[in-house]
Amino acid sequence: MNRIFRQLLAALLLTLFAGLAQAQANLQLNTPSIETLKKSMRERHAQLKPFLENGAVGLTREGGMALRDANAVPLPQRAAANSLVAAENADRSSLYKEIAVANGKPEWEGEIRNTFAQRWIERAQPGWYVQNAQNQWVKK
Amino acid sequence: MKEMLLNKLNLNALLLATALTASACVTINIYFPAAAAEKAADRIIDDIYDAKEGAAKPAAPAPAPAEKK
C-alpha cells in the first residue's frame with residue numbers, strides 16, 4: 001500500500017513539473033498557416049509603409065491598423081488604402097488566432113492580441129501614429 | 001487494525017495530494033506565458049518589418065574549401 005502510494009505521488013509530481021516546464025517554453029510559431037500569414041503581411045508591409053509614414057494609417061491599441069486620415073491619401077488611392085488596411089487587419093486577427101491554436105490554447109487569442117498590440121506600437125518607427133490608452137492618436 | 005488505520009491515513013493523504021495537484025494544474029492552464037508571447041511577437045514583427053530591407057541582406061558566405069596543402 002505504501003509503495004503504491006509513493007508511486008502515485010511520484011507520478012502526480014511528475015505531471016505537475018511537466019506542466020510547469022511546458023508553460024515556460026517558447027511559443028510554437030512554426031506552422032504552415034502562420035508562415036503563410038507572415039509572408040502575406042511581409043509583402044503588404046511594403047505597400048502600407050508610405051501610409052504609415054505620412055500618417056494616413058496608424059496602429060490601433062487593439063493590435064490592428066486604421067485609416068486615421070483619409071485626406072492624407074490621394075483620392076484615386078483611397079480605396080486601395082482602405083482595402084490594404086482591411087486585409088492587414090484580417091491577417092493579424094488570423095495570426096493571433098493561429099498562434100493560440102498552434103499552442104493548443106485557443107483561449108489565449110485575446111492575450112496574444114494584447115501582447116502584439118503593445119509590441120507593434122513599441123516597435124513603430126518615429127513619425128508613425130499610434131493609439132494611446134485613451135484612443136487618441138499620438139505621433140511617435 | 002493498526003494497519004487499516006495507516007492505510008486510511010495514506011488514502012487521505014493521497015486524496016489531498018491529488019486535489020492539490022489538480023488545482024495546481026488548473027492554475028498552470030490559465031497561466032499565460034507573457035514573456036514567451038512578447039518574444040514570439042518580436043520575432044514575427046522583426047520578420048515583417050525587416051522584409052523592406054530584406055533584399056539587401058547579404059547571404060551567408062559559403063564555407064571556404066578546406067583543401068589546403
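Two strands count as paired when DSSP finds at least two bridges between them. In this predicted model, strand β1 of chain A, residues 57-59, and strand β3 of chain A, residues 129-131, meet that mark with 2 bridges, running in the parallel sense. One of the residues involved is G58(A), whose bridge partner in β3(A) is Y129(A).

That pair belongs to an open sheet in chain A, built from 4 strands in the order β2-β1-β3-β4 with mixed pairing. At the edges stand β2 (65-67) and β4 (137-139) of chain A; each has a single partner strand, so one side of each has no neighbour in the sheet. Going from one strand to the next, the twist averages 40°.

Now for a helix of chain A. Helix α4 covers residues 109-122, and E109(A) sits in it. From first C-alpha to last, the 14 residues of α4(A) reach 20 Å, close to the 20 Å expected at 1.5 Å a residue. Buried residues of this helix include I112(A), F116(A), W120(A) and even R119(A). E109(A), on the other hand, counts as partly exposed because its relative accessible area of 27% falls between the 20% and 50% cut-offs. Beyond its neighbours within four places in sequence, E109(A) touches S93(A), Y96(A), K97(A) and A100(A). As for K97(A), it lies 12 residues away from E109(A) along the chain, yet the two C-alpha atoms are separated by 5.2 Å.

Chain B has 2 helices and 0 strands. Of its 69 residues, 23% are buried. The accessible surface of chain B is about 5300 Å², with 67% of that belonging to carbon and sulfur atoms.

Key. Residues are numbered from 1 along each chain as its sequence is written. Chains are lettered from A and ligands numbered from 1 in the order in which they are written. This is a predicted model: local features need pLDDT of at least 70, side-chain atom pairs count only at pLDDT 80 or more; totals for chains, interfaces and linings use all residues. Side-chain values use heavy atoms; hydrogens and water are left out. Buried means under 20% relative accessible area, exposed over 50%, partly exposed in between (1.4 Å probe, protein chains only). Contact means heavy atoms within 4.5 Å. The expected span of a helix is 1.5 Å times one less than its number of residues. Accessible areas come from the Shrake-Rupley method with a 1.4 Å probe; for residues, only the protein chains shown count as cover. Axes are lines fitted to C-alpha atoms, for helices over the stretch in contact, and angles run from 0 to 180 degrees between N-to-C directions.
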